[in-house]
Amino acid sequence: LGGDSFRVLEHEGRLLAHSLVCPHLGGPLDQAALEHTAVVCPWHGYRFDCETGLGPPGQRCRMAVSARVVVDEAGNAMLVVA
């Protein structure tokens, strides 16, 4: 999407999306753990909320591009850059 790659996950009946690259030092997020609605970078443990791209208070970086999954009435899912 716009040259960026995203991963889409199901969490508690909702679809979440996140970038495949950690904005901290470019770590791989394609297989990163999901804790609640946050993706956790395997390199340094940075966390980013899949819905907002933000990290916890005090974390200085955030996802450059966040995306959300929109499901229409017919059940079709679309990825939208937020």
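Colleague: Which residues is histidine 11 in contact with, leaving aside neighbours within four places in sequence?
Modeller: In this predicted model, histidine 11 is in contact with Leu16, Leu34, His36 and Thr37.

Colleague: And where is histidine 11 found?
Modeller: Histidine 11 is found in strand β1.

Colleague: Buried or exposed?
Modeller: Histidine 11 counts as buried, because its relative accessibility is 17% and the cut-off for buried is under 20%.

Colleague: What does β1 pair with, then?
Modeller: β1 pairs with β2 in the antiparallel sense, over six bridges. Within that pairing, arginine 7 stands opposite histidine 18 in β2. The two strands form a hairpin with two residues between them.

Colleague: Which residue in that turn has a positive phi?
Modeller: Glutamate 12, at about 50 degrees. It's not a glycine, and it lies in the loop between β1 (6-11) and β2.

Colleague: Is glutamate 12 buried or exposed?
Modeller: Exposed, with a relative accessible area of 70%.

Colleague: How many residues are between β6 and β7, and what's the phi of glycine 75?
Modeller: Five residues, and glycine 75 in that turn has a positive phi of about 90 degrees.

Colleague: OK, on to packing. Which residues make up the largest nonpolar core?
Modeller: The core has 10 residues: Leu16, Cys22, Leu29, Ala32, Val39, Cys41, Phe48, Cys50, Cys61 and Met63.

Colleague: Pick out Ala32 for me. Where does alanine 32 lie?
Modeller: In the loop between β2 and β3. Alanine 32 is buried, with a relative accessible area of 4%. Not counting residues up to four places away in sequence, it touches Arg7, Val39, Val40 and Pro42.

Colleague: How far apart are alanine 32 and cysteine 22?
Modeller: C-alpha to C-alpha they're 9.9 Å apart in space, and they're 10 residues apart in sequence.

Colleague: And which residues is leucine 29 in contact with?
Modeller: Leaving aside neighbours within four places in sequence, leucine 29 is in contact with Arg7, His18, Ser19, Leu20, Val21, Cys22, Val39, Val40, Cys41, Pro42 and Met63.

Colleague: Which residues line the largest cavity?
Modeller: Ala17, His18, Ser19, Asp49, Cys50, Gly53, Met63, Val65 and Ser66. By type, that lining divides into four nonpolar, four polar and one charged.

Colleague: Which strand gives the largest share of that lining?
Modeller: Strand β2 (residues 14-19), with three residues. Two names in the lining, Cys50 and Met63, are also on the list for the largest nonpolar core.

Terms used:
Residues numbered from 1 in each chain as written. Predicted model: local features only at pLDDT ≥ 70, side-chain atom pairs only at ≥ 80, totals over all residues. Heavy atoms only, no water. 1 Å grid on protein atoms, 1.4 Å probe; cavity = no way out; pocket = protein on both sides within 12 Å on 5 of 7 lines; lining within 4 Å. Helix = DSSP H or I, 4+ residues; strand = E, 2+ residues; numbered from the N terminus. Nonpolar A, V, L, I, M, F, W, Y, C, P; charged D, E, K, R; others polar. Pairing = 2+ DSSP bridges. Buried < 20%, exposed > 50% of the residue type's maximum accessible area, 1.4 Å probe, protein only. Contact = heavy atoms within 4.5 Å. Core = buried A, V, L, I, M, F, W, Y, C linked by side-chain atoms within 4.5 Å.
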